[in-house]
Amino acid sequence: MNKIIIAGASSGIGLALAEAFASRGVKVGVAARHLEPLLRLGDKYPGMVEAETMDITMPEAKAALMRLIKKMGGMDIYIHVAGIGSQNHSLDPELEVRMIDTDAAAFARMISCAYNYFRASGRSGRIAAVTSVAGTRGIGSMSAYSAAKACASTYLEALRQLARSSGVPVTITDIQPGWIRTPLLNEDKSYPLEMTVAQVVPLILRAIADGVPVAVIDWRWRIVKYLWRRLPSPLWTRMSGFGF
Ligand SMILES: NC(=O)c1ccc[n+]([C@@H]2O[C@H](COP(=O)([O-])OP(=O)(O)OC[C@H]3O[C@@H](n4cnc5c(N)ncnc54)[C@H](OP(=O)(O)O)[C@@H]3O)[C@@H](O)[C@H]2O)c1
């Protein structure tokens, strides 16, 4: 049976993924800063959940992941969902730094830690991480967020190459969703092509199971991403919309 660990499982997409596994009888290790929602999940699915407090922006997060791996008796799949995100129209420098710290620097900390675990253990494994279609281009109202997500996606691409050249048996999946209704979004606002957690969870599970290198979720966002990538810079500079 696969041993699955999810970082960022106290809310939104991560919580829904954890629930999907636990409800199917797959034991799951969950981590986040807030322990309460993780413990509630454990109460709902007795014996199916191991929990650990973890702040990925702190160096101690590596030890927390190793503790969770030990509690689980190993790890086959590491799913990284932990992240923050918001628009920053006023370009508050501290918010910019927090997003880069969490979505890029701490992302590299945790993904490298998971990769090194698979390399050291010699067991074949999977790393899946939720980045965003926002990483496709630099987005004016979300400068730090879009830059951090681009960094995260490039990091995963690099590790895929590294794993292949070093013979490390790890499959890496970059999950790039569009807008999903979770506590990350402004609850007073609606967003174009918005999806629900219930819609995206099966698509994410399928992408991880298939070991797809990059999964843009959903098909409508695949088209958006395709078009965005092809827009010449002068046109992109003039663009706004899509909730940005
Ligand atoms: N919702 C969207 O529209 C959307 C679209 C594309 C990509 N994404 C990405 O999907 C991921 C999950 O977002 P979501 O929509 O599910 O938001 P969410 O409901 O706010 O969940 C974010 C999760 O990340 C955890 N987290 C945040 N900072 C952390 C830290 N320093 N250490 C450990 N855990 C941390 C949170 O737990 P604690 O607060 O308990 O630590 C929570 O479990 C994010 O990376 C986000 O960028 C979201």
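View 1. Ile-5 stands opposite Gly-29 in β2. In this predicted model, local features need pLDDT of at least 70 and side-chain atom pairs count only at pLDDT 80 or more, whereas totals for chains, interfaces and linings use all residues. Residues are numbered from 1 along each chain as its sequence is written. Strand β1 (residues 4-7) runs parallel to strand β2 (residues 28-32), and 4 bridges join them; two strands pair if DSSP finds at least two bridges between them. Helices (H or I, at least four residues) and strands (E, at least two) are DSSP runs, numbered from the N terminus. An open sheet is formed by 7 strands with parallel pairing, in the order β3-β2-β1-β4-β5-β6-β7. Because β3 (49-53) and β7 (214-217) stand at the edges with a single partner strand each, one side of each is left without a neighbour in the sheet. From one strand to the next, the twist averages 15 degrees.

**View 2. Helix α5 and what covers its buried residues.** The 24 residues of helix α5 (residues 143-166) should span 34 Å at 1.5 Å a residue, which agrees with the 34 Å between its end C-alpha atoms; the expected span is 1.5 Å times one less than the number of residues. Buried residues of α5 include Ala-144, Tyr-145, Leu-156 and Leu-159, a residue being buried if 20 or more other C-beta atoms lie within 10 Å of its own, exposed if 12 or fewer, and partly exposed in between, with C-beta atoms placed from the backbone. Among the elements that cover the buried residues of α5 are α4 (93-121), β5 (125-130) and β6 (170-177). Gly-167, which follows α5, has a positive phi, near 70 degrees.

**View 3. Leu-205 in helix α6.** Leu-205 has its place in helix α6. This residue counts as partly exposed because it has 16 C-beta neighbours inside 10 Å. Although Leu-205 and Ala-128 are 77 residues apart along the chain, their C-alpha atoms are separated by 9.9 Å.

**View 4. Residues around the ligand.** The ligand is surrounded by 29 residues, of which the closest are Gly-8, Gly-12, Arg-33, His-34 and Gly-83; a residue is near if its C-beta atom, placed from the backbone, lies within 6 Å. Helix α1 (residues 12-23) gives the largest share of this shell, 3 residues. By class, the shell has 15 nonpolar, 12 polar and 2 charged residues, where Ala, Val, Leu, Ile, Met, Phe, Trp, Tyr, Cys and Pro count as nonpolar, Asp, Glu, Lys and Arg as charged, and the others, Gly among them, as polar.

Terms used:
Two residues are in contact if their C-beta atoms, placed from the backbone, lie within 7 Å. Axes are lines fitted to C-alpha atoms, for helices over the stretch in contact, and angles run from 0 to 180 degrees between N-to-C directions.
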